[in-house]
Amino acid sequence: MSYSALAVLAVLAVLVVDLAVLRTRMVTRRVFWVAYAIVIVFQLLMNGVLTGLDVVTYEPAAIWGPRIAYAPVEDLLFGFALVTLTLASWAAVNRRANTASRRGLDTRTRRSSTR
Amino acid sequence: MGHLTYLSLLVGCLVVTAPLELLLRVRVYARWRRLLVAVLPEFVVFLAWVFYAIAAGHWEYSDTRTLGIRLPGGIPVEEVLFFLVVPVCAVLALEAVRKVTGWDAGYPAAPDDSGSIAARNERGADRRAEWGQ
């Protein structure tokens with residue numbers, strides 16, 4: 001499979017993870033998109049240096065061709081998948097941890113002795 | 001910069017985002033166990049992707065702009081660090097926006113969280129109003 005195909009597949013996969021598997025719904029939240037807007041600025045900078053200085057070089061046959069700041073446009077999909085998967089996972093881990101500790105703090109029930 | 005090009009970019013990311021933890025106090029590094037658990041799926045999936053991409057010849061790494069330390073599959077050690085550094089920076093960005101705006105991220109704030117800056121400013125404004133200022 002080409003980089004292009006994999007990149008599209010990765011975006012679809014993280015949307016499924018965010019919306020249906022973890023149900024963190026990050027892509028529906030304002031806080032996510034503002035954070036992503038900040039991240040993408042730094043991604044373009046860093047990616048620009050990485051590809052501009054040939055730290056990474058791409059096989060022309062594996063990509064569509066158009067580039068933004070030296071890097072193939074596929075890198076934007078790659079970056080979106082990376083950031084979205086991470087933030088959905090971070091939200092899920094915190095949802096679980098904070099909800100659990102709040103339950104412990106807010107109720108007067110005895111802690112379960114079975115676990 | 002030669003062999004240190006890639007590594008110094010990663011260090012740059014950590015330096016640029018450090019004030020979010022140190023000054024804005026987003027408590028991301030402070031919750032390092034959660035951070036590790038949260039980053040794990042991304043780390044595994046994307047390293048597997050790079051492993052495949054190198055094998056399939058989708059992209060390759062410079063020997064002169066990396067340290068030259070390669071892991072199995074030809075993955076440069078910097079690339080492994082990339083998949084730790086970049087997600088941590090993304091989490092720092094999210095928590096910073098959440099802290100400043102108070103917008104909902106889908107999970108309750110940590111019990112030891114002093115609240116968003118927006119909420120604190122509002123409380124401050126209320127207090128000033130009470131004091132007739």
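Predicted model: local features only at pLDDT ≥ 70, side-chain atom pairs only at ≥ 80, totals over all residues.
Axes here are lines fitted to C-alpha atoms, for helices over the stretch in contact, and angles run from 0 to 180 degrees between N-to-C directions. Helices (H or I, at least four residues) and strands (E, at least two) are DSSP runs, numbered from the N terminus. The crossing of H2(B) and H3(B) is right-handed, a crossing being left-handed if the near helix is turned anticlockwise from the far one by less than a right angle, and right-handed if clockwise.

Two residues are in contact if their C-beta atoms, placed from the backbone, lie within 7 Å. By class, the contact of H2(B) with H3(B) has 12 nonpolar, no polar and 2 charged residues. In this classification Ala, Val, Leu, Ile, Met, Phe, Trp, Tyr, Cys and Pro count as nonpolar, Asp, Glu, Lys and Arg as charged, and the others, Gly among them, as polar.

Residues are numbered from 1 along each chain as its sequence is written, and chains are lettered from A and ligands numbered from 1 in the order in which they are written. Local features need pLDDT of at least 70 and side-chain atom pairs count only at pLDDT 80 or more, whereas totals for chains, interfaces and linings use all residues.

Chain A has 3 helices and 3 strands, arranged along the sequence in the pattern α-α-β-β-β-α. Of its 115 residues, 38% are buried. A residue is buried if 20 or more other C-beta atoms lie within 10 Å of its own, exposed if 12 or fewer, and partly exposed in between. Among the contacts in chain A with a separation of 6 or more, 65% join residues 24 or more positions apart.

A:Ala88, in helix H3 of chain A, illustrates the buried class, with 27 other C-beta atoms within 10 Å. Not counting residues up to four places away in sequence, A:Ala88 touches A:Val17, A:Asp18, A:Leu22, A:Thr24 and A:Met26. The C-alpha atoms of A:Ala88 and A:Val11 are separated by 13 Å, although the two are 77 residues apart along the chain.

The contact between the chains takes 41 residues from chain A and 39 residues from chain B. On the side of chain A, the elements that give two or more residues are helix H1 (3–21), helix H2 (30–52), strand S1 (56–58) and helix H3 (74–106). H3(A) gives the most, with 17 residues. By class, this side of chain A has 26 nonpolar, 8 polar and 7 charged residues.

S1(A) and strand S1 (residues 59–61) of chain B pair in the antiparallel sense over 3 bridges; two strands pair if DSSP finds at least two bridges between them. Within S1(B), B:Glu60 is the bridge partner of A:Thr57.

H3(B) also meets a helix of the other chain. The axes of H2(A) and helix H3 (residues 77–101) of chain B come within 9 Å and cross at roughly 130 degrees, so H2(A) is oblique to H3(B). This crossing is right-handed. From H2(A), the contact is made by A:Val31, A:Phe32, A:Val34, A:Ala35, A:Ile38 and A:Val39, and from H3(B) by B:Ala90, B:Ala93, B:Leu94, B:Val97, B:Arg98 and B:Thr101. By class, the contact of H2(A) with H3(B) has 10 nonpolar, 1 polar and 1 charged residues.

A loop residue of chain B also reaches chain A. B:Tyr107 is found in the loop between H3 and helix H4 (117–130) of chain B and counts as partly exposed, with 18 C-beta neighbours inside 10 Å. Leaving aside its neighbours within four places in sequence, B:Tyr107 is in contact with A:Ala91, A:Asn94, A:Arg95 and A:Asn98.

Finally, the backbone angle phi deserves attention. Most residues other than glycine have a negative phi. A:Arg23, in the loop between H1 and H2 of chain A, has a positive phi near 55 degrees. In chain B, B:Arg27 has a positive phi of about 55 degrees and is found in the loop between helix H1 (5–22) and helix H2 (32–56). A:Arg23 counts as partly exposed, with 13 C-beta neighbours inside 10 Å; B:Arg27 is partly exposed, with 15 other C-beta atoms within 10 Å.

Notes. Parallel < 35°, antiparallel > 145°, perpendicular 65-115°, else oblique.
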